[in-house]
Amino acid sequence: TCERYTSGSGAAACRVPNLAGEYVARCEALFPGGDESGLPVGIPRASSLMGALPFWATFWKELGHRPVLSEATSRETLALGLTHLSVGVCLPIRTTAGHVHAFLGRGFERVFVPAVIVLPGDEPSRSYACPYTMAVPFIVGAADGERLLSPVVTFESDEAFADGFAPLREALGASRDEVREAYRAARWAQEEFDALKAKALA
């Protein structure tokens, strides 16, 4: 961001709302505090997860777990990510790797790094994620892969979504029906959040 508009007299004169900052603040409010019960699940604020934070905050809470949002991205986050990447990748994936390893360094036993195949959209055939987003669990360079929760995620339907979580259901203590119900509640929460955002921009 140009410092002309973020510091000094330039910042005071600028009256444009910080919409990105407002979005992040509202998303952060959806994540419970440290005194909440449930298994802590680290949620990196990066890549495809960043635009769906209301969904994932709701989904994990519906399953009885405690989603924990990573700290704000910094130069240190990017530097940490780069030390664990063996190939050149885009900024969102470098950021994801940094947040993942920050969680692992803090001792988190569960860090959510999904392989997102189909993003939310009216036409699934036009809503495929990029190859990096699909393969990110295998790119981030986590030697202890057992601490990563990496389902294959598709938003085509609640049934397809539940299929992707099938390998994790036992570890999460969740039935297929519970995953589907959590998905539906999370979709509703995301839609409500998006509607409020659109109203604020109108």
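Predicted model: local features only at pLDDT ≥ 70, side-chain atom pairs only at ≥ 80, totals over all residues.

Me: Which residues form the one aromatic cluster?

Reply: The cluster consists of F55, W56, F59, W60, F112, F155, F161, F165 and Y183, and a search of the whole structure finds 21 aromatic pairs.

Me: What makes the pair of F55 and F155 edge-to-face?

Reply: The ring centres of F55 and F155 lie 5.1 Å apart with 70° between the planes; a pair needs centres within 6.5 Å and planes over 60 degrees apart to be called edge-to-face, so the name applies. This pair links distant parts of the chain, since F55 belongs to helix α4 and F155 to the loop between β6 (152-154) and α8, 100 residues apart. Both F55 and F155 are buried.

Me: Why is the pair of F112 and F165 called stacked?

Reply: The centres of these two rings are 6.5 Å apart and their planes meet at 25°; because planes under 30 degrees apart count as stacked, provided that the centres lie within 6.5 Å, the F112 and F165 pair is stacked. With F112 in strand β3 (residues 111-112) and F165 in helix α8, the pair ties together parts that are 53 residues apart in sequence.

Me: How do you know whether F112 is buried or exposed?

Reply: F112 has a relative accessibility of 0%, and buried means under 20%, so F112 counts as buried. The value for F165 is likewise a relative accessible area of 0%, and F165 is therefore buried.

Me: What makes α4 mostly covered?

Reply: Of the 10 residues of α4, 8 are buried, namely L53, P54, F55, W56, A57, T58, F59 and W60. After α4 comes G64, whose phi is positive, near 90°.

Me: Which residues have the most contacts inside the largest nonpolar core?

Reply: This core has 31 residues, and those with the most contacts inside it are F55, W56, F59, W60, F112, F161 and F165. Two or more residues come from each of α2 (19-28), β1 (40-43), α4 (53-62), α8 (158-165) and α10 (176-201), and α4 gives the most, with 6 residues. A second, separate core of 16 residues includes L85, F103, V136 and A142.

Me: Which residues is W56 in contact with, leaving aside its neighbours within four places in sequence?

Reply: With those neighbours left aside, W56 is in contact with L49, F112, V153, F155, F161 and F165. In soluble globular proteins, nonpolar side chains tend to be buried together.

Note on methods: Residues numbered from 1 in each chain as written. Heavy atoms only, no water. Core = buried A, V, L, I, M, F, W, Y, C linked by side-chain atoms within 4.5 Å. Buried < 20%, exposed > 50% of the residue type's maximum accessible area, 1.4 Å probe, protein only. Helix = DSSP H or I, 4+ residues; strand = E, 2+ residues; numbered from the N terminus. Contact = heavy atoms within 4.5 Å. Phe/Tyr/Trp six-rings, centres within 6.5 Å; stacked < 30°, edge-to-face > 60°.
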